[in-house]
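Please read them with the structure open.

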Amino acid sequence: MSSIEFRVLGRLEVHTEGGTIALGSAKQRSLLAALLLHPGRTVPIRRLIQTLWGDEPPLSAVANLRTYANRLRGVLPGERISGRASGYEIQLCQGELDLHVFAERAGTGRAAFARGDHSAAVRHLGAALSACRGAVLEDLADNEALAGSIAPVEELRLSVAEDHLDARLRLGEHREVIAPLREFVAEHPLRERPWAHLMTALYRSGDPAGALAVYTDCRRVLADRLGLEPSPDLARLHRAVLDRDPGLTAVSPVAVTAGQARTSETAVPQELPVRCRSFAGRAGVVARLTSLLVGTEQSGPKAAVVHGPCGIGKTALVLEVAHRVGARFPGGQLYVDLSVDGPASRVPPRLLRHLGVATSDIPWTPDEAAAVLRSQLAHRAVLLVLDGATESAALRPLIPARGPCAVLITSRSPLMLDGAEHVALGRLSDEDGLAVLAGLAGRAKVDADPGAAAEIVRHCHGIPAALRIAGTILANRPTRPLSWLAHRLAPEESRLDELGFGGESLRALYSSAFRPIAAGEDPLAAAAFRLLGRPGFEVCRTDQAAAILDACPMKAEAALDRLVDLGLAEWGEEDTYRLPPLMRLFSAELGALVPAQRTALSW
């Protein structure tokens, strides 16, 4: 995919190595803008029609929309714009949209500001603002349908500019910020914070009369335009200037220098495990989750559930996204592996301790501890990662109704969480599978024998866990060629034996997924799982399963659906069921064992 940069912070522009792309008519530009403000998400056709034509679209609106989308496909490199039954979406890679770059840098700067490192805040916030060439989509400002999407982004841009000026003021740059502050209040006279900064800067520069005059100007503007008096905070600042309050001359203490630790009563938790070194692909999903977490469209907590079968790379994806956006959450990052840490009732006390709440202040009862946790999260910009969730009811008490926190959840099954974004993960493409393999075994080794590399990827069937095991084996067998492993993986009957290394194996992973229905907990689902591994049942209908399992069709269907919900099976065409290829090998192994051996394997 060629190098490309999409710009919305200013006029809408698209740049490649060959120069600026001509985007065509105003309606084509509006269509692209609407998609760029929601990257990785399908924008409904009705919303796009409203964006392009307002309340009086022509009868040919849908056909015209299709034409504009096709024209944009023709000028944008790569397969960027995808059509869906319900709308269109644009796929972006990391760093291609200036808004994402801006948000990431701004998040780092705001985190520094929150911990009192104003020197770093000035540096990072300034870098963020350098991506802004003007107001958001300023050439499309007259489009009323886009206004609702533009407004939160523009608010973020202005608040970051205010933070930058505030940080400079705290560093003692009061003379240097007077001119940019005057320009800011002239352009945005209804925002009180820059008026306050300008008053403070003038007072510290030895011009109290100028500070008082600024207050008078602000009061007049607010009265004329809004019929309001200045806020209590601004009135108190006015009184402090009149009283020549010594506190007005105070600036930030010495900034934290690089590598110098800053102590506090409670350390900000940084609990994210290391990100997966071989992570590859998933560009659209990463952009979608990043946009959700750093976007300003949704008020209150942001939550996303990433679900899919075991070994599909849910944890790797979530950690990749969490590391990319972590700086946006100055309250810290919390991580809980629910498959290891036991009952969900233990989670609130643990999180409260890590957030600095004294053990003596944590209630004993789970529901009261969860209530205290919600109060903490409602007032702190914390990123919470819950890995390996199995039930929705245990998670609901952990998420507050409002506040700046965000929650990323992984689960093998879809969950019932109101307001959460749900992302279903599937298998990797062969191209992305090769990238995972190369990330571990080495690009030179993979490029030296592309045929064997492709064969290994095919044997792993797009399962990231299998690809990571294969890559790790090759990395730790430096004298063995790729053809050696490709040959060992070729026989299906021994493939699961080969996909294991360092105490981890695909068989063990599949055993853990099978555990909820093993040992008699759901004998019909367990029998259905073994049935799908038998020859002749690669694709199975409900009536076939019901006949073999000696069960009524409704019960057989419920058992098969539970396999899908647990990530053990998947739906095929025309209401059929099947097992993924490597899972099918595991099922065939189970079917060949006697009951005692099956129990031992699943536990």
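How many of the 10 residues of helix H22 are buried? The points below start there.

1. This is a predicted model, in which local features need pLDDT of at least 70 and side-chain atom pairs count only at pLDDT 80 or more, while totals for chains, interfaces and linings use all residues. Residues are numbered from 1 along each chain as its sequence is written, and side-chain values use heavy atoms, with hydrogens and water left out.

2. Seven of the 10 residues of H22 (residues 523–532) are buried, and the helix is mostly covered. Buried means under 20% relative accessible area, exposed over 50%, and partly exposed in between (1.4 Å probe, protein chains only). Helices are DSSP runs of H or I with at least four residues, numbered from the N terminus. The buried residues of H22 are Ala525, Ala526, Ala528, Phe529, Arg530, Leu531 and Leu532.

3. Helix H1 (residues 26–36) is largely enclosed by the rest of the structure, because nine of its 11 residues are buried. Among them are Gln28, Arg29 and Ser30, along with Leu31, Leu32, Ala33 and Ala34.

4. Leu190, Leu226 and Leu228 make a nonpolar surface patch of about 260 Å². Such a patch takes residues with over 30% relative accessible area and no salt bridge, with nonpolar side chains (Val, Leu, Ile, Met, Phe, Trp, Tyr) joined within 5 Å. The areas come from the Shrake-Rupley method with a 1.4 Å probe, and for residues only the protein chains shown count as cover. Leu226 belongs to helix H9 (residues 208–226) and counts as partly exposed because its relative accessibility is 44%.

5. Side chains of opposite charge can pair when their charged atoms come close. A salt bridge here is a side-chain nitrogen of Lys or Arg within 4 Å of a carboxyl oxygen of Asp or Glu. The count by this rule is 31 salt bridges.

6. Arg157 and Glu154 form one of these salt bridges, at 2.6 Å from N to O. Both residues lie in helix H6 (residues 144–170), three residues apart, about one turn of the helix, and both are buried.

7. Glu173 and Arg168 also form a salt bridge, with their closest N and O atoms 2.7 Å apart. Glu173 is partly exposed at 23% relative accessible area, whereas Arg168, at 18%, counts as buried.

8. Glu5 and Arg7 meet in a salt bridge at 3.1 Å, N to O. Glu5 has 30% relative accessibility, so this residue counts as partly exposed.

9. A network of salt bridges links Arg110, Glu155, Glu162, Asp163, Asp166, Arg170, Arg191 and Arg193.

Conventions: Helix = DSSP H or I, 4+ residues; strand = E, 2+ residues; numbered from the N terminus. Patch = residues over 30% accessible without salt bridge, like charges linked within 9 Å, V, L, I, M, F, W, Y side chains within 5 Å.
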